[in-house]
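Trainee: I would like to go through the labels in this model and hear what stands behind each of them.

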Amino acid sequence: MAAFAIRTYGDPVLRQRASDVADIDASVRRLVDDMIDTMYDAAGLAVAAPQVGVEKRLFVYDLNDDQGPRAMINPVIEELDGEWTYDEGCLSVPGLYFTIRRPKDALVRGVDLDGNELRIEATTLEARMFQHEIEHLDGHLVLERLTPAQRKTAMRVLRERQVTDDRPRRGQSVVINEDGEIVDD
């Protein structure tokens with residue numbers, strides 16, 4: 001059972017820059033455990049602390065690579081390279097996926113839950129996930145990465161859902177390509 005509700009588009013906490021984690025203590029460890037439960041319950045790849053209403057610079061993730069869930073604390077992107085287009089979603093914008101170009105490779109530095117320094121050279125999906133989650137920590141949503149046409153379509157869909165209170169159910173999704181066209185639903 002999820003320990004937290006995922007905050008969604010419109011919640012002001014998603015627009016705030018998160019503060020650094022000063023000490024990795026029992027409360028941070030408990031927060032990470034609860035965030036992992038929430039991530040799995042939401043069937044997400046990752047969850048940043050602001051998405052559960054906590055303004056701390058940390059996120060949890062599980063790439064389904066047999067390494068299990070992990071946490072990264074106070075992450076920083078040191079380098080980006082290449083380009084890769086992928087249909088990207090966000091738990092805070094449920095049911096919408098966007099064709100987005102991002103750097104293909106990322107060098108990310110941070111700290112794990114034991115206080116050990118991490119330095120990860122990531123590519124494709126892992127690199128994209130790091131970029132996406134760090135943007136959450138900086139108070140940015142995936143909606144800011146959209147082309148003008150995508151944003152127009154996304155805002156229309158979000159308004160329609162808000163007016164009709166038609167929240168997407170798990171498995172109910174829409175993909176919006178770079179031209180703002182709905183290509184899958």
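Mentor: Start with the buried residues of helix H1, which are Val28, Leu31, Val32, Met35, Ile36, Thr38 and Met39. Buried means under 20% relative accessible area, exposed over 50%, and partly exposed in between (1.4 Å probe, protein chains only). The model is predicted, so local features need pLDDT of at least 70 and side-chain atom pairs count only at pLDDT 80 or more, while totals for chains, interfaces and linings use all residues. Residues are numbered from 1 along each chain as its sequence is written, and side-chain values use heavy atoms, with hydrogens and water left out.

Trainee: How do you know that the buried residues of H1 line one face of the helix?

Mentor: Seen down the axis of H1, they fall within an arc of 165°, so they line one face. The arc is taken from the directions from the helix axis to the C-beta atoms. These residues pack against strands E1 (46-48), E2 (58-61) and E3 (70-81); contact means heavy atoms within 4.5 Å.

Trainee: Why is the pair of Tyr61 and Phe130 called edge-to-face?

Mentor: Rings of Phe, Tyr and Trp (its six-membered ring) pair if their centres lie within 6.5 Å; planes under 30 degrees apart count as stacked, over 60 as edge-to-face and the rest as tilted. Tyr61 and Phe130 are 5.5 Å centre to centre with 75° between the planes, an edge-to-face pair. Tyr61 lies in strand E2 and Phe130 in helix H2 (residues 124-137), so the pair ties together parts 69 residues apart in sequence.

Trainee: What makes the pair of Trp84 and Tyr86 stacked?

Mentor: Their ring centres are 4.8 Å apart and their planes are at 25°, so the pair is stacked. Trp84 counts as partly exposed at 22% relative accessibility, and Tyr86 is partly exposed at 34%.

Trainee: Why is Glu88 called buried?

Mentor: Its relative accessible area is 4%, so Glu88 is buried.

Trainee: With which side chain does the side chain of Glu88 make a polar contact?

Mentor: With that of Arg128, at 2.6 Å. A polar contact is a pair of N or O atoms within 3.5 Å; within protein, one must be able to donate a hydrogen and the other to accept it, and residues adjacent in sequence count only if both atoms are side-chain atoms.

Notes. Helices (H or I, at least four residues) and strands (E, at least two) are DSSP runs, numbered from the N terminus.
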